[in-house]
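Reader: Hey, I've just opened this one and I'm new to it. Can you walk me through it?

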Amino acid sequence: MRDFHQPRRSPIYAANAALATSHPLATQAGLDVLRRGGNAVDAAVTAAAVLAVVEPAMTAIGGDGFAMISKPGQPLYGLNASGRAAAALSTEMLMGQGWTAMDDASAHAVTVPGVVKCWESLLASHGSIGLEEALQPAIAAAEDGFVVYPRVWTDWRDCVGKLRAQGAGGRHYLVDGAAPKMGSIHKLPALAATLRVIAAQGAKGFYEGAVAADIVGELRARGGVMTEEDMAGITADECTPVTAGYRGLDLAELPPNGVGIIAQVILNMLERFDLRGLDPHGAERFHLEMEAARIGYAIRDAHIGDPATMGLGAEALIDKAWAKGLAAHIDPEKRSDTLPPVDPNFQSDTIYLSCVDSDGMAVSLINSVFKGFGSGIVTDKTGITLQNRGAGFRVEPGHPNTIEGGKRPLHTIIPAMGMQDGKPRYCFGVMGGQYQPAGHAHVITNMIDFGMDPQQALESGRVFWSPEGTIEIEPPLGQALYDGLAAKGHAVGWTDMPHGGGQIIEIDHDAGVLIAGSDPRKDGCAMGY
């Protein structure tokens, strides 16, 4: 139980259904669906669509999506709806133009957006309503306007330069050249009209016809090579989640091109250490976490990409015996200077939501535009913010993640599920770009090793490294942690922005109760009934 002297939240307890998202309007919209008899997928897609309007720096219908579903009596279901590079792109082509790395503001960084296909596919396979019904709250928010919340405003403000530079984004998303004021009402009429087309025609209304032509025209005007055929060829592919054990919990993650298995790699190493005896907010705990993460991320950079071009499969990378050898490289007393460096190119902006319904269906869903407002490219007529997931590629011949037409890039967004005795115990995810695998490991150890409830696990302080390699500490963790990590040889500093966000729903099968938490680093909340 939490200390009531501390200004913290209690978790939400619910006997029937629960939903946790990063924005109150999305949580409310999804909860309304659950109360009307809709299931967890119906609520999750409805909430995700609202987030694509009211949290525009984080997600959009021009983004990508992944999902994991647990349904009683059925195997775990995974869906990969990440888009592919335009067919005409290649490493050779970009190197011929002088490229050595991806430009995240270029039209070439925009892969085919997968999120609309994600929503339609989820509703078709597991939902009880269609896109037309699911999109109505999002349409209303875009058409009638929505209030700009504090964290939303902060992220919006930080992207003003990008939106100004890229053209139509300034018209749709800026007011007199600046972000809308916090607490003001902002309307997106062009996006509302586009959502109405999708509601009437389904995903086909996005990937074919006038909307697709507007996306392709915008990109080609900026030197892009995407075609309407690329758009029409989008697929959302079922995939089998990969499971690895951690102290009696089976952590399920989606396989590559996502990086969920890196959370399993990190936990495989941390399992070799007795975390329970450590201070959960002390230097010894965070030192082990960061050293394991540094090794895990080096593995990510060497091996993860489109699974069709990976040299090693997921099962080989999460092998326990290999992890035992990796853990031997971790010295509990000091930072190792011999680990491979980490690629710093994967900071991103994302939404994650968790939903469990009264029939026990659990949905772990994540959508993203990669960096803030994605590429910054917004279509003039249709008001669609286009992601820059192609920035996750390399321009490096022979690397499994080098850019080629039709490939999916390394993807940072990762939904997850913690299973026990074949049933879901934790339906969860952590946002925050590069931080996400480390974040999954952090919240799992918070709950399994330190006995925290979902809300405590999310509120607990975090550390992670900057692109320069400095371990950046969230200020509430205090000077003692700063000094302790420095004494172990880490370059340390304070972070200006918190590390990521997250949502967790714990399922207590014995009590028949749901326990939900929502990360205070965002504007959102958990609700249930």
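This is a predicted model: local features need pLDDT of at least 70, side-chain atom pairs count only at pLDDT 80 or more; totals for chains, interfaces and linings use all residues.

Reader: OK. Which residue is the bridge partner of Y426 in strand 17?
Author: That's E506. On its strand 18 side, E506 has I515 as bridge partner.

Reader: How do strand 17 and strand 18 pair, then?
Author: Antiparallel as well, over six bridges, with strand 17 covering residues 501-508 and strand 18 covering 513-518. The two make a hairpin with four residues between them. In that turn, G512 has a positive phi of about 70 degrees.

Reader: Is strand 17 largely enclosed or open, and why?
Author: Largely enclosed by the rest of the structure, because seven of its eight residues are buried.

Reader: What's the strand order in the open sheet of seven strands?
Author: The order is 1-18-17-13-12-9-8, and the pairing is antiparallel. At the edges sit strand 1 (12-14) and strand 8 (242-246), each of which pairs on one side only. On average, neighbouring strands are turned by 20 degrees against each other, direction ignored.

Reader: Which helix packs on that sheet?
Author: Helix 18, residues 436-448. It touches strand 8, strand 9, strand 12, strand 13 and strand 17, and its direction makes about 135 degrees with that of strand 13.

Reader: Changing topic. What's the order in the open sheet of three strands?
Author: That sheet goes 14-15-16, with mixed pairing. Strand 14 (463-465) and strand 16 (492-494) are its edge strands, each pairing on one side only. The twist there averages 35 degrees from one strand to the next.

Reader: And how many bridges join strand 14 and strand 15?
Author: Three, in the antiparallel sense, with strand 15 spanning residues 471-473. W465 stands opposite I471 in strand 15.

Reader: Which helix lies across strand 14, strand 15 and strand 16?
Author: Helix 20, made of residues 479-487, and it runs at about 160 degrees to strand 16.

Reader: Let's go inside. Which residues touch the most other members in the largest nonpolar core?
Author: V53, I61, W119, L122, W156 and F206, in a core of 94 residues. The biggest contribution to this core comes from helix 2 (residues 40-54), which gives 13 residues.

Reader: What is V53 in contact with, leaving aside neighbours within four places in sequence?
Author: A138, A141, A142, F146, L188, L191 and L195. There's also a second, separate core of 60 residues, which includes L270, I299, L485 and V492.

Reader: I clicked on L34. Where does it lie?
Author: L34 lies in helix 1, which covers residues 24-35.

Reader: Does L34 count as buried or exposed, and why?
Author: Buried, because its relative accessibility is 3%, and the cut-off for buried is under 20%.

Reader: What does L34 touch, not counting residues up to four places away?
Author: A17, A18, L19, N39, A40, A43, C355, D357 and Y529.

Reader: How far apart are L34 and V54?
Author: They're 20 residues apart in sequence and, C-alpha to C-alpha, 20 Å apart in space.

Reader: Now zoom out. How many helices and strands does the protein have?
Author: The secondary structure comes to 20 helices and 19 strands. The radius of gyration is 22 Å, close to the 24 Å that the globule rule gives for 529 residues, so the protein is as compact as a globular protein of that length. Its C-alpha atoms fill a box of roughly 60 × 55 × 45 Å along the principal axes.

Reader: Last one: among contacts between residues at least 6 apart in sequence, what share join residues at least 24 apart?
Author: In this protein, 72% of them.

How values were computed. Residues are numbered from 1 along each chain as its sequence is written. Side-chain values use heavy atoms; hydrogens and water are left out. Two strands pair if DSSP finds at least two bridges between them. Axes are lines fitted to C-alpha atoms, for helices over the stretch in contact, and angles run from 0 to 180 degrees between N-to-C directions. Contact means heavy atoms within 4.5 Å. A nonpolar core is a set of buried Ala, Val, Leu, Ile, Met, Phe, Trp, Tyr and Cys residues joined through side-chain atoms within 4.5 Å. Buried means under 20% relative accessible area, exposed over 50%, partly exposed in between (1.4 Å probe, protein chains only). The radius of gyration is taken over C-alpha atoms; the globule rule is 2.2 Å times the number of residues to the power 0.38.
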